[in-house]
Amino acid sequence: MNYPESYRYTKEHEWVSLAGDTATVGITFHAQEELGDIVYVDLPKPGAQLAKGDSFGSVESVKAVSDIYAPVGGEVLEANELLTSSPEKLNEDPHEAAWLIKIRVSDPNEFNNLLSAADYQTYVGAES
Amino acid sequence: MIRKVRSHLSQNEGLIFEQSSPGKIGYQLPPLDVPAVDPAEALGAAQVRDGIEGFPEVSEVEVIRHFTRLSTWNYAIDLGMYPLGSCTMKYNPRINEAVARLEGLAWSHPYQPESLSQGAMEVVAHLEDALCEITGLDAITLQPAAGAHGELTGILLVRALLESQGNPRKRILVPDSAHGTNPATAGIAGYGVQNVRSNDQGMIDLEELSRLMDDDVAALMVTNPNTLGVFEENIIRATEIIHAKGGMVYMDGANLNALVGIARPGDFGIDVMHINLHKTFSTPHGGGGPGGGPVAVKKHLEPFLPVPRLKRLSDSLTWDYDVPQSIGKVRAFYGNFGVLVRALAYILAHGGPGLRNATVDAVLNANYIRHKLAPYFDLPYKRPNMHEVVFSDDRQAAKGVRTGDMAKRLIDYGFHPYTVSFPLIVHGALMIEPTETESKQELDLFIDAMISIAKEVEEETEKVTSAPHLTRTTRVDEVTAARKPIVRWKP
């Protein structure tokens, strides 16, 4: 699976991409594969304030409900409405169309301190 | 080979709505012998309901057959083993039912004056005493209606105590092997949740716990034995770490059935816990019905317990509402009284040695299954297990067969599935809890079924991945059902 080089990753299996001060956050291909068929996604409303590490929503699959954590802190600008009607997109295209939220980042250093694509893949390899 | 079941005719049955014919009724009233009254005139039109659209109109025999036919499609603890780990499905002894149906108990009313309720109140007092003795705690409320309700009550007690000391604190620590209700409870009680990773033995990592524990942590919520069926050997040290910084330790009592008569939470540092009466004390499993989730506490949390508190006067029992620091009521009246009666019946029917025997048998049964199945299924955590055992589907996954496939095949063998994919720290978990209910004969049938399925995975993979085959409905589309649920019948 292709893990984009420009993204950063967490050990909780979220990815982040950064454009200016706007971060886009999603869950990784590995995460959706572990969860199995995703049936419901619960996301915050725009305006919510998140600190790095806060649980900001959950992803429900036929197997389990998992919390998702903010890899970086800031204000929620947008939640992906596509996932309300089509949660299956999270299985089909986790790194692009099925992003979860966009955040106005308060501290860009939080982004830089996350895992690189290579480090994340090593981590996932070791975990499984 | 399938030994426990064979095929047998069962009746087709549609929805009761589809059997309706207009005007059909299941009763007949005598002719009116008083002047007719127009309800709209007597009560006001707003108080009178029109007919209900689509309400089924059927005769008595049709109703009886409808539900009886449906009941024959079901699986129940009265038909055989229910190996659902973590859910603890144990037999409900009939003595419980006989006692709960005694006229004076079954027909007592919560508005009866105390002078006429002394017997029922004595039942409550007896159960309070018994549960305090079993848990090693000092005081208890029987109000909460189920386990998760008990959890919330317990954490609200912790909050009330900390608030009375000036600071309710912010976070609750929850091990990653916890029941899903634990973080939900903490969230509803207004706390943030922080996960504590387990170590490679499946137990709380004390170093991690020390690192996470600070003055913002209100409590640790711990299940012991935990959801791997492993006793937290370092529980006393863990409670010391929490207490040293002013936190409380909450125990999820879901697995108390592995401790009764052997170890008491109050003795290993627990401040507050709930008890699931259906899991440990054989009351009917809730499933939406009335349940019982008593919460037992150490002395320092007693002032905050829900009102009313049962109080013994010199010659009678009374309900005491004058408890200024109480968190208030958590349930109407005094909890689900009928469930409390059943739990007390179970406790008294067994007595102390009998309760201890039930614990020992539950642990023995789980270990017998572990021993017999270990050659066929991967066992990720090797610590001695208590009342349940958790395998993973690692070996079968190599053939493309997952825990859910084998669970569905188990239905063909005449058993309810074990718990699949939980706890989450085990990849592809098969979680099995036999309870003390099962005889060696039933356990052997189950073990044979599991071994046979493991062989099918090797030799007839497709038979497992497409199971079940012998049920009325074959494999359903769980994904579509969850994504696009149709939750009610519409005309």
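Here are some notes on this predicted model, taken point by point.

1. Ground rules before the details. Residue numbers start from 1 along each chain as its sequence is written, chains are lettered from A, and ligands are numbered from 1, in the order in which they are written. Since this is a predicted model, local features need pLDDT of at least 70 and side-chain atom pairs count only at pLDDT 80 or more, while totals for chains, interfaces and linings use all residues.

2. The chain B sheet. Seven strands make an open sheet with mixed pairing, ordered β1-β7-β6-β5-β4-β2-β3. Strands (E, at least two residues) and helices (H or I, at least four) are DSSP runs, numbered from the N terminus, and two strands count as paired if DSSP finds at least two bridges between them. At the edges sit β1 (139-141) and β3 (192-196) of chain B, each pairing on one side only. From one strand to the next, the twist averages 20°; axes here are lines fitted to C-alpha atoms, for helices over the stretch in contact, with angles from 0 to 180 degrees between N-to-C directions.

3. Inside that sheet, look at β5 (residues 248-252) and β6 (residues 272-274) of chain B. They run parallel and are joined by two bridges. Met251(B) has Met273(B) of β6(B) standing opposite.

4. Helices on the chain B sheet. Helix α6 (residues 147-164) of chain B packs on the sheet and touches β1, β4 (217-223), β5, β6 and β7 (295-297) of chain B, its direction making about 165° with that of β6(B). Contact means that the C-beta atoms of two residues, placed from the backbone, lie within 7 Å. Helix α7 (residues 181-188) of chain B lies across β2 (171-175), β3, β4 and β5 of chain B, and runs at about 175° to β2(B).

5. The helix I'd click on next is α11 (residues 337-373) of chain B. At 1.5 Å a residue, a straight helix of 37 residues would span 54 Å, but α11 of chain B spans only 41 Å between its end C-alpha atoms. The expected span is 1.5 Å times one less than the number of residues. There is a bend of about 100° at Gly351(B), with a proline, Pro353(B), following within four residues. That bend is the angle between axes fitted to the seven residues ending at the residue and the seven starting there.

6. Domains of chain B. The assignment gives domain 1 (95-347) and domain 2 (359-481), with bounds from an automatic or database domain assignment. Their centres, taken over C-alpha atoms, are 31 Å apart. The contact between them takes 18 residues from domain 1 of chain B and 14 residues from domain 2 of chain B. On the domain 1 side, the residues divide into eight nonpolar, nine polar and one charged. For these classes, Ala, Val, Leu, Ile, Met, Phe, Trp, Tyr, Cys and Pro count as nonpolar, Asp, Glu, Lys and Arg as charged, and the others, Gly among them, as polar.

7. Asn224(B) and Pro225(B) are joined by a cis peptide bond with omega about -5°, and Pro225(B) is in the loop between β4 and α9 (235-244) of chain B. A cis bond also joins Val307(B) and Pro308(B), with omega about -5°; Pro308(B) is in the loop between β7 and β8 (309-312) of chain B. Arg169(B), in the loop between α6 and β2 of chain B, has a positive phi near 70°. For context, most residues other than glycine have a negative phi, and most peptide bonds are trans.

8. Over to chain A. Six strands form an open antiparallel sheet in the order β1-β2-β3-β9-β8-β5. β1 (8-9) and β5 (49-50) of chain A are at the edges with a single partner strand each, so one side of each has no neighbour in the sheet. Six bridges join the antiparallel strands β2 (residues 14-19) and β3 (residues 22-27) of chain A, and Ala19(A) has Thr22(A) as its bridge partner in β3(A).

9. β4 (residues 38-42) and β6 (residues 55-61) of chain A run antiparallel and share four bridges, with Val41(A) partnered by Val59(A). β6(A) also pairs with β7 (residues 65-69) of chain A, antiparallel, over five bridges, and a hairpin of three residues joins β6(A) to β7(A).

10. Where the chains meet. Eight residues of chain A are in contact with seven residues of chain B. The chain A side divides into five nonpolar, no polar and three charged residues.
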